[in-house]
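Work through the following exercises with the sequence and the coordinates at hand, and try each task before reading its solution.

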Amino acid sequence: MDVIVGTAGHIDHGKTSLVKALTGTDADRLPEEKRRGITVDIGFAEMSVGDTHIGFVDVPGHERFVKNMLAGASGIDIVILVIAADDGVMPQTREHFDICRLLNVRSGLIAITKCDLVDDETLELAKLEAAELVENSFLEFSPIIAVSSQKGDGIEEIRDALSHAACALQERQIDRVMRLPIDRSFSMKGFGAVVTGTLASGEITEGSEFELLPA
C-alpha cells in the first residue's frame, strides 16, 4: 500500500528533523534552506513499514511560505501535526491545522517534538495544549507522541502510529481515470516544463499522454 504523509506546524518546531529521524533523508535540499537553516519549499522523503510504502511531504513553517505549505498538503493522506514542547501551540500551528481541515484531511497524529529539552511538567502542558487545539476535529482521538529527533525517543512509536493509520485508509483507485492535481510547475534545463503533484487516482506510465485541465 502507498500513502502520502505530510508534516504541518510552526517554523522551527522540528518537522524536517523528525522526517530525517524517521527516514534518514534531509528533506531540506535547497542551498537557501541550508544557508538559512529553515525550510523554504516542500521537500520529500520515503520509508517502508512492513508492506506499506510511505512518501513524506515536508512543508515550510514560516508564515511567508504558507502557499508552499498549501501546495504540499493538498495531496496528503495522513498529517503529522508537529508541536515543539518548549514552544507549544503557535500561530502557524493553528494556521496549518486549519488548512488541513479545509483540505479535508481525515487521518493523522500529533508529535510533541524536542521533548528532551523540557521537564515532565512542561511536556504534559504541551500535550494538554495540543489536545485542546484538536478537540472536536479529525485529530481529536489521534495519538499524541512525545519525540526527540536528536535522541530517537518516540521515533518507533511514530512509525507504529503511521502504520496503524495507513492500514485504516482506503487504497487509491488505480482502475479509474488518471487524475493528478498539480501543486508545482517549473522549467528544468534539458527537460523543459515539469509538473509535480500527488496521484489521486489512476496510474502513470512512461510515454503516457494526458490532458491539462483547464486548457
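**Exercise 1. State in which order the six strands form the open sheet, and find which strands stand at its edges.**

Solution. Begin with the pairing, for which two strands must share at least two bridges found by DSSP, where strands (E, at least two residues) and helices (H or I, at least four) are DSSP runs numbered from the N terminus. On this basis the six strands form an open sheet in the order 2-3-1-4-5-6, with mixed pairing. Next, look at the ends of that order: strand 2 (43–49) and strand 6 (144–146) each have a single partner strand, so one side of each is left without a neighbour in the sheet. Finally, neighbouring strands of this sheet are turned against each other by 25 degrees on average, direction ignored.

The model is a predicted one, in which local features need pLDDT of at least 70 and side-chain atom pairs count only at pLDDT 80 or more, while totals for chains, interfaces and linings use all residues. Residues are numbered from 1 along each chain as its sequence is written, and side-chain values use heavy atoms, with hydrogens and water left out.

**Exercise 2. Determine how many bridges join strand 2 to strand 3, and identify the bridge partner of alanine 45.**

Solution. Strand 2 and strand 3 (residues 52–58) run antiparallel and are joined by seven bridges. Within strand 3, phenylalanine 56 is the bridge partner of alanine 45.

**Exercise 3. Describe how helix 1 and helix 6 pack, and which residues make the contact.**

Solution. Take first the axes, which are lines fitted to C-alpha atoms over the stretch in contact, with angles from 0 to 180 degrees between N-to-C directions. Helix 1 and helix 6 (residues 155–167) pack at about 85 degrees, with their axes 10 Å apart; the two helices are therefore roughly perpendicular (65 to 115 degrees). Then list the contact (heavy atoms within 4.5 Å): Leu18, Ala21 and Leu22 come from helix 1, and Ile155, Ile158 and Arg159 from helix 6.

**Exercise 4. Decide whether leucine 180 is buried, partly exposed or exposed, and find what is in contact with this residue beyond its sequence neighbours.**

Solution. Leucine 180 belongs to the loop between helix 6 and strand 7 (182–188). Its relative accessibility is 25%, so leucine 180 counts as partly exposed, given that buried means under 20%, exposed over 50% and partly exposed in between, with a 1.4 Å probe and protein chains only. Leaving aside neighbours within four places in sequence, leucine 180 is in contact with Gly197, Thr198, Leu199 and Ile204. For glycine 197, 17 residues apart from leucine 180 along the chain, the C-alpha separation is 6.0 Å.

Key: Parallel < 35°, antiparallel > 145°, perpendicular 65-115°, else oblique.
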